[in-house]
Amino acid sequence: MKTIKLIIADDHELFRNGLKELLKKYSDIDVVDCVADGKEFIDVLKNNSELDVVLLDITMPNMDGFEVLNEIKSLNKSVKPIIISMHDEGNYIAKCAKNGAYSYLLKNTDQDELIKIIRIVSGGKKYFSPKISEKMINYMSEQTVSEHILSKKEQEVLELLSKGLTTKEIALKLFVSSRTIETHRANIIKKLEVKNTAELIKKASKINLI
Amino acid sequence: MSLRSLILLIINGLVFLVVVILSITFYNQFSHVIDDRILQQLNSIKTLKKIQIENLIQTEWHNFSENPTSTCFGDSLNISMSKKQFPVSGIYDLTKYHKQNKTSIGLVLVDSNQIKLNVIPYDKIKSILLERTGMGNTGESYLVGDDYNMRSQSRFFPKKTPFSILVKTEGVLNGLSSESGRGIYKDYRGIDVYGVYSTVNLSNLKLVILSEIDKSEVKAPLEALKSRLLGLIGIIMLVAIVLSLFLSRIIANPIINMKNSLKIMADGDYTQTNEFVKNSNEIKEMFLALDNLKKSLQGAVNFSNEIGEMNLNALYLPKSNSDLLGKSLIKMRNKLIEFRNNENKHRINTKRQLVDGLENERRRLSRELHDGIGPLLTSLKFYIENNIESKTQQQEMKTIVDNTISEIRLMSNALMPSTLDDFGIGAALTNFIESINKSSSIHIDFEDLTNKNNTKLTKNQEINIFRISQELINNALKHGNPKNIKITLSEFDDFISLFYFDDGNGFNLDTVKLGSGIINMKERVEICKGEIQITSKSGNTTFEIELPIEDHEDH
């Protein structure tokens, strides 16, 4: 069985050592090196193309985990990064997944889970535990990126405007301040390249925005 | 010296001077004219009498020489003298030879040892001289011989023999030495008289004829004039004094009033509103000017009051370009405004530094917990997994360590979520609200309309928005008891708007205890130069917070 060549990048020495000790028990895992920050890791990576997996911390001095992920992508290296972090928020997980992480682990993940994931990832598969996936999906579901000309909010404002509601009424309905609605309206008018609200309604219905 | 006495003195002095000079000139002129008139009159009387006397003597002499029938020499005429005493014919004064010294003008004709003598009757002479037409009460004309004795009857001593009266007066002396003259001198009684005199010089006869009148009689009308003039001066002065008193009141009163007004103003009281009689245009204008001065001073005083109460928006227009007081007041106000602005800036700066320090400390602590203690605990967990033989014991210990790690994660997030630094306000608030939604029955709707990738918000603004939102939600949970909370965070090019709504109990803005909650929020808004608007009633509480976004970051 081929051994998994692994490197640990974390700024806490105690953690690195603990992890290394733990992984020593497994014969199929070979901890090649331990580095204290992202920069050091990139240096090692450049000289060693046979690395399989990196256990990567996000919060590190000099170069943090996010940057390392981007660097790996741009260097076109085959090393598979597993994020191992204290952060358990969906936004961190989502960002890492987006930037090319193969997996995301919390630092207090059980030993068995850790080994399992290292083995899965070394095989070239991405894996996110159900708990982590849930957090990530929760976060991403709220981040609806509008591909339309108008933002979701602007679309809402436009629809209420076309129904003849006043700025104040729209503000009350959408739970924002009057000035916010005014600014939204001004932005919509700018985006649709019209001069006033009447023209705006005309053009909006013409291009089927309402 | 007061103004009134000065006016009185000047006016009365002038009037007095004029009146006195006029009176004296008038009096002198009058006196001079009278003197002249009297002397002329006396002169004409004297001349008339002289001619009459001379005519009488000449006529007598002529008659006598034509018809020298004389009574027998000497006795009948009561003249005792010898014939030898008359060497030639002629007219002689024989008075001193008369036995009773009766005035006798003798006519002597010497014709071959025969001397004929006659005397002109004294009555004829007397009647000429005693004719007193135009001579007043004291006027008289008389003759005096070269022995200075009188020859005709004195009007004042009719009983006395004229010859016994010695008249050695200036008039006689001058009359004997020269032809004629006039003058004022003492007569034989020792009384001042106006007199004219001339010599009667016929053959051997040498007499002085004088016409005199008492000075006192001549001067009587002058005296009357004098007393009348004095009376007139008195009356004029009285009128002048009364008039000048009145005049001085007219002139001085407004000035005195003005003085009093100015005195009061000098004491610093500009509120007096005394009305004064203004009796001329100049005085009216003066009081108008005083009123204007008072008004402008009052304006300045009010303005200073406003400034004193730090009401620095008070307006004041300088009265003119030379209104130095107004200008310096405005300068003072501007300095105060500048001072207050600096003070405000300084205060906000201090607050910002305080809050920044607090937030930095929180961040540091949060990081320390999250990135320091956390990994240590995970290391501990590895140690347990590596070194604890008993599976059950290992499991128990790992559970405790996991719980501790979760607790530390919560604490770290409560202090300052690292998401705020790494992902911005939108993600941080989303996470925060999600955790609240999980742990309570309230439904919080959060709409994040920030620019995720290229936000222009500064870190400090993000922290402040996060803290304000935290405060809003915590307050609502603690006091408002709402079912729904809606929060919208909208970022625009030039401002970011945080809109908060809840359907809780609401509160009264005026009576709500401005505990740390709202005050902290307001402070944070102020630090960010933003605005906050709060409305609250049961079932509808809103907070509208707006912070400006600047293109260049100033922190």
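Chain B contains 11 helices and 12 strands, where helices (H or I, at least four residues) and strands (E, at least two) are DSSP runs numbered from the N terminus. This is a predicted model, in which local features need pLDDT of at least 70 and side-chain atom pairs count only at pLDDT 80 or more, while totals for chains, interfaces and linings use all residues. Residues are numbered from 1 along each chain as its sequence is written, chains are lettered from A in the order in which they are written, and side-chain values use heavy atoms, with hydrogens and water left out.

Of the 555 residues in chain B, 42% are buried, a term that means under 20% relative accessible area, with exposed over 50% and partly exposed in between (1.4 Å probe, protein chains only). Among contacts (heavy atoms within 4.5 Å) in chain B between residues at least 6 apart in sequence, 62% join residues at least 24 apart.

In chain B, 4 strands form an open antiparallel sheet in the order β4-β7-β6-β5; two strands pair if DSSP finds at least two bridges between them. Strands β4 (140-145) and β5 (180-186) of chain B each have a single partner strand and stand at the edges, so one side of each is left without a neighbour in the sheet. Neighbouring strands of this sheet are turned by 30 degrees against each other on average, direction ignored, the axes being lines fitted to C-alpha atoms, for helices over the stretch in contact, with angles that run from 0 to 180 degrees between N-to-C directions. Helix α4 (residues 215-266) of chain B packs on the sheet and touches β5, β6 (192-202) and β7 of chain B, and its direction makes about 30 degrees with that of β7(B). Between β4(B) and the antiparallel strand β7 (residues 205-214) of chain B there are 6 bridges, and B:Leu143 stands opposite B:Ile209 in β7(B).

Chain A holds an open sheet of 5 strands with parallel pairing, in the order β2-β1-β3-β4-β5. Here β2 (29-35) and β5 (103-106) of chain A are the edge strands, each with a single partner strand, so one side of each is left without a neighbour in the sheet. Strand β1 (residues 4-9) of chain A is joined by 4 bridges to the parallel strand β3 (residues 53-56) of chain A, with A:Leu55 in β3(A) as the bridge partner of A:Ile8.

Rings of Phe, Tyr and Trp (its six-membered ring) pair if their centres lie within 6.5 Å; planes under 30 degrees apart count as stacked, over 60 as edge-to-face and the rest as tilted. By this rule there are 14 aromatic pairs over all chains, including the two tabulated here.

| Pair | Centre to centre | Angle between planes | Class |
|---|---|---|---|
| A:Phe15 and B:Phe382 | 5.2 Å | 45 degrees | tilted |
| B:Tyr142 and B:Tyr188 | 5.5 Å | 90 degrees | edge-to-face |

A:Phe15 lies in helix α1 (residues 13-24) of chain A and B:Phe382 in helix α6 (residues 324-387) of chain B, so this pair joins two chains. A:Phe15 is buried, with a relative accessible area of 0%, and B:Phe382 also counts as buried, at 3%. B:Tyr142 in strand β4 of chain B and B:Tyr188 in the loop between β5 and β6 of chain B are 46 residues apart, and both are buried.
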